[in-house]
Amino acid sequence: MSEWLVLSLAMAAACAVVLSIAFFNSRRIRDDDDPSETPDVIEYMTMMIGVIYAIVLGLAIAGVWEGRGAAQEYVRQEAQALHEINVRSEVYPADVRTRIRSDVDAYVTYVVDTEWKEMADHGNLTARGGELLERIRRDVTDYEPRTDHEGQAYQPLVDQVAAVDDARSSRGDSAGATMPGVVWFGLIAGALVTVGLIFTLQIRRSFREMLLAGLFSALIAFLLFLIWDFDAPFGRGISATAEPFLNQFPHLGLGD
């Protein structure tokens, strides 16, 4: 099911529930009821709870957005380090250079075509990706430099392999959900309380009040959906992309 369809259904359902409750609740109000009799303290508490919940929502959105940005940065660092390995291996003999570049290409192809889907579906890395990275490490570390020029390039190449390994591990750590279950419980419970407080103000069946109640509930549903969508940096609509790999290795024709 499309995520935009899920969003539309969630917003429509939130509006329908709130408007239905408001409609049936207004039928119980007597003709002589005066909404101006709502105690001032209720209006004050409703406002304060709404403000507090807005702050919580803002912090949650900022947190998941920061996690998504960090995940994208790990991908960029990994792709850049692999590109550096390709470039710096130029000083090595042709057979060694070809082997290193071939294994780098195999690793990048596997990450983009296979491992990316595993992260999106299950939130973890694959053993095969680790094996391909280990092959690159062996290509670099097992070669014994024969000239001063090769010796000067050796340690930077080893450092770039370590950078790939570190970025890969960080990418794996950020692949899962970032919001704990208890936080989701608080967000959903807060949404129910905040929307429920509408009815303490004796909402009527006028078009203006119904419209505002519907828009408010739809906004809450949209913000919760936004947090849910950002909560999986590699798995949902607005997610981290493999664009850095595609930019650094255009000759592989990935993503076509």
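A: A residue is called exposed when its relative accessible area is over 50% and buried when that value is under 20%, with partly exposed in between. Please keep in mind, as we apply this, that the model is predicted.

Q: Is L59 buried or exposed?

A: L59, which is found in helix 2 (residues 40-88), has a relative accessible area of 61% and is therefore exposed.

Q: Why is L223 classed as buried?

A: The cut-off for buried is under 20%, and L223, whose relative accessible area is 19%, is buried because its value falls under that cut-off. L223 is found in helix 7 (residues 207-230).

Q: Which residues does L223 touch, not counting residues up to four places away in sequence?

A: With those sequence neighbours left out, L223 touches L57 and I61. From C-alpha to C-alpha, L223 and A60 are 9.7 Å apart in space, although 163 residues separate them in sequence.

Q: Where is D103 placed, and what does D103 touch?

A: D103 has its place in helix 3 (residues 94-122), and its relative accessible area of 10% makes D103 buried. Not counting residues up to four places away in sequence, D103 touches R135, I136 and D139.

Notes:
Residues numbered from 1 in each chain as written. Predicted model: local features only at pLDDT ≥ 70, side-chain atom pairs only at ≥ 80, totals over all residues. Heavy atoms only, no water. Helix = DSSP H or I, 4+ residues; strand = E, 2+ residues; numbered from the N terminus. Buried < 20%, exposed > 50% of the residue type's maximum accessible area, 1.4 Å probe, protein only. Contact = heavy atoms within 4.5 Å.
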